[in-house]
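Hello,

Here is the structure we talked about. Please open it next to this email and follow along.

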Amino acid sequence: MRILVVEDDAEAATAMVRGLTEAGHDVVHAVDGAFGLLEAQKGGYDVYVVDRMMPRLDGVGMVETVRKNGDQTPVLFLSALGEVEDRVTGLQAGADDYLVKPYAFAELIARVEALSRRRETGSVATVLKVGDLEMNLISRDVTRAGQEIDLQPREFQLLEFMMRHAGQSVTRTMLLEKVWEYHFDPQTNVIDVHISRLRSKIDKGFDKAMLQTVRGAGYRLEA
Amino acid sequence: MRLPSLFRRTPFRLTLLFLALFATAAAAVLAWVYVASANEARLRAEEAVRTEVTTLTGIYDARGFDALNMAVIDRTLTRDNFLYLLIDAEGNRVTGSLNVSPIQDYEGGTVWHTFPMTDTLPDGRVVRPQSRGVQMTLRGGEQLFVGQSLGDTEAYLGRLTQALWGAMGIVVLLGLIGGLLVSRNLERAMGRLNRTVLAVQDGDLKARVAVRGSGDELDELGQGLNGMLDRLEASMASIRHAGDAIAHDLRSPLTRMRAKLEVALIDAEAGKVSGPEALELALSEADDLLKTFNTVLAIARLQAAAGSGRIPDAKRFDAADLAADLAELYEPAGEDKGLEFSAEIERGLEIMANRPFLTQALANIIDNAIKYTPEGGAVKLRARRRSSGEIEFSVTDTGPGVPEEDRERVIERFVRLDNSRTEPGSGLGLALVGAVMEAHNGRIQLDEGPGVYNGHGPGLRVALVLAAAP
C-alpha cells in the first residue's frame, strides 16, 4: 500500500515512516500541508496520513483542498486535539478517520489498513464471506460451515466490522469507536468480554479459531 | 511635583469638588439676593417719593406756591428720611434740605435720578449713602425735588452679605473637616482591603479582610473579596490535589516501566533474550500512562468549563438511551466476573448535557462497581426521574462500600480512599466524575448499598443527579 505521511514533526515522521515501511507499506513523507498537497496531486496513493496542526498549510486546509480537487483518497487525521468538536471539524473537512495523539503505533497501522480496506470494499455487497463464515446483511443471518449462528444485535455489528476488516488487526479502541461509537477508555476489559462472547459463538465446536487475539494490538478475524 | 498624599486621595478630592460646587452655588444665590434686595429697596424709595410728590403737588394745586413752601419747610424739619428742594421760577433755591439739585443739567419735565448723598453723621463721620429722587417743574415754572436715602437698605444689604460670607466660610470649613474625616475613614477601610490584596499578591492565600460587620459597601466588598479568596484557595487546593493524584498515577507506571526496560537491557546485554516480553509489559504501562494523561486533560478542560458556568458542547438527549447503551456495554464484563448485572431504566429522561463526558462519568462509576464487587455479588444500574424532577443515574453494588464517616470526604475530593490506592487510574477516574458533575451543575451522592449480600456488603450506592432539560 502506498501511503503519504504529512507531518511537520521530524521525529514523529521518521518513526511513522519506519514503522509503516516495516509493516510492508510504501511511504512518502511531506513536511507540511503545502508539500503534502503537491505530493498528493501526483496521485497514486492509497491513504493520506495528515497531521492536523502544521505551519503554512495546516491539515484541515490541505484535506479541504484535496477534496475540492475531487481526490477521494481516504484520509486519517492525526491530532493532539481530541475533543468532540475537534473531531467534528476534522471529519467535516473531509477526513475519514481521526486519531488523537499520543497513539499506539499498532493503532495507527490498524487504522491506516482499515481505511484502505474500506476503499476496496466500497461496493454494495449484501453478503460478507470470510472463510466458511457468511453474513447476510439483508436477512441478518450468520452461518459458519452452513450452521446457523444466533447473534445479539451488538454481536452482529461487531462481527460485521471484524468481517469487513478480515485479516487485519483491529484495536479495542477502534471497536469501541466504530461499533459502540464511544470515545473513551474503559478501565474494565469490556471489549475483551464482548469479543470472547462472540468467539464462543462463532468458534466453539470448530477446529479452527477464526477470531484471534493479536498481542499488543487487538484482534484479527482470520479465514 | 507630587501632591501631598492627602490631595491624591479620592475621597478628599471629591470633598474639594463638592465644596467648590457648593461655594459657586452659594455665591450665585448671594448675588441674586443682593440684586433683588437692592431693586426692592429702590422701588420702595420710589414709591415713598411718589406719594410725597403727590401730596406736595396736591397742596400746590389747591393752595398755591406759598402753601407748598410752608409744607416743604415743615417737612424738611420733621421728616429727616426725605430730601427736599424747592426752586422758584427764576431758578433760585427757596427752601429744602438740599442746597443744590443733584441733577446738574436739569432741562424740565419729570426726571428720576440716583445719586450719592453726602451726609455728615453726628459723630463727624462723613457717609455717602445712595439716594433716589425725582425733580419736576410745577405749573408756575417752579421746580420741586423730592428724594429719599437708600441708606437703611444698603446697611441691611451689607449685613446680609457679611452674614452670607460668614455662613459660607463655616460651610467650607466644616466641609473640609468632614471630607478629611471621611477620607481618613475610607482610607483606613481601603487600607485593610489593600493590605489583604498585597498579602495575597505576595503569596499568602490565607490572608483575609477583617470584616467589621457594619454592613456598608466596603464591608460587602471585603466579604466579596474573602469569598473570592476562599473559592480561589479551594480551587488551588483541588489543583494541588489533582497534581498529587497525577503524580501518584504517573509515577507508579513510569517506575514500573523503567524497571522493566532496565531488566530487558540487562538481559539483552547478558545474552539472555527476554527482551520482547519486557518491552511488551513496558508498552502496556505506556498505554496506561496515555490513558491517565487523557483523563488529566479531560479534567482540566471540565474544570475550566465549570469555571465559566457553561456546559461544554451541551446537547439535548434522552438519558435513558445513554444508560441503556452502557448497560449493554458492561453487562458481559459484569457477568464475566461472576456478578449479577442488572439495569432498571425509565424511559423519557431528557437532559441537556455533554453526552461523551456524561457517558464516561457513568462508565467510570460502573467500572468501579464491577472492580470492587467480589464474585457472586450484584451490580445494578438505574436511571430514573426523581420526584423533584431531577434525573438520577445510580449504580449500586454489593462490595465493601464506604464507611459513612468517609463518604463526605470521598465526595469532596472524589478520589479513591487512600488505603485502597494501589491500582492506578481509578483515583483520576473518579476525579473525572467529580469534574463532569461540577461542569453540569450536578451532584454526587453516596449511600449504603443493599446490605449484606452473598456474604459481602454492605455495598455502595453512587448516584449522579442532574437537572432535567427544561
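**Chain B, then the interface**

Chain B has an accessible surface of about 26000 Å², and carbon and sulfur atoms hold 57% of that surface. Keep in mind that this is a predicted model.

Chain B has 470 residues, and 38% of them are buried. Its secondary structure comes to 10 helices and 14 strands. Now take the contacts in chain B with a separation of 6 or more. Of these, 64% join residues 24 or more positions apart.

Next, look at where the two chains meet. Chain A brings 20 residues to the contact, and chain B brings 26 residues. The size of an interface is often given as the accessible area lost when the parts come together. Here the area buried between chain A and chain B is about 2200 Å². Carbon and sulfur atoms give 55% of it. On the chain A side, Tyr182(A), Phe184(A) and Gln187(A) lose the most area to chain B. Together they make up 25% of what that side buries.

One salt bridge pairs Arg197(A) with Glu335(B), with the closest N and O atoms 2.9 Å apart.

Which helices of chain A each supply at least two residues of the side that touches chain B? They are H4 (84-92) and H8 (190-202). H8(A) gives the most, with 5 residues. By class, that side of chain A has 11 nonpolar, 3 polar and 6 charged residues.

Best wishes

Definitions and conventions: Residues numbered from 1 in each chain as written. Chains lettered and ligands numbered in written order. Predicted model: local features only at pLDDT ≥ 70, side-chain atom pairs only at ≥ 80, totals over all residues. Heavy atoms only, no water. Contact = heavy atoms within 4.5 Å. Buried area = accessible area lost by both parts, 1.4 Å probe. Salt bridge = Lys/Arg side-chain N within 4 Å of Asp/Glu carboxyl O. Helix = DSSP H or I, 4+ residues; strand = E, 2+ residues; numbered from the N terminus. Nonpolar A, V, L, I, M, F, W, Y, C, P; charged D, E, K, R; others polar. Buried < 20%, exposed > 50% of the residue type's maximum accessible area, 1.4 Å probe, protein only. Areas by Shrake-Rupley, 256 points an atom, 1.4 Å probe, with all protein chains shown as cover.
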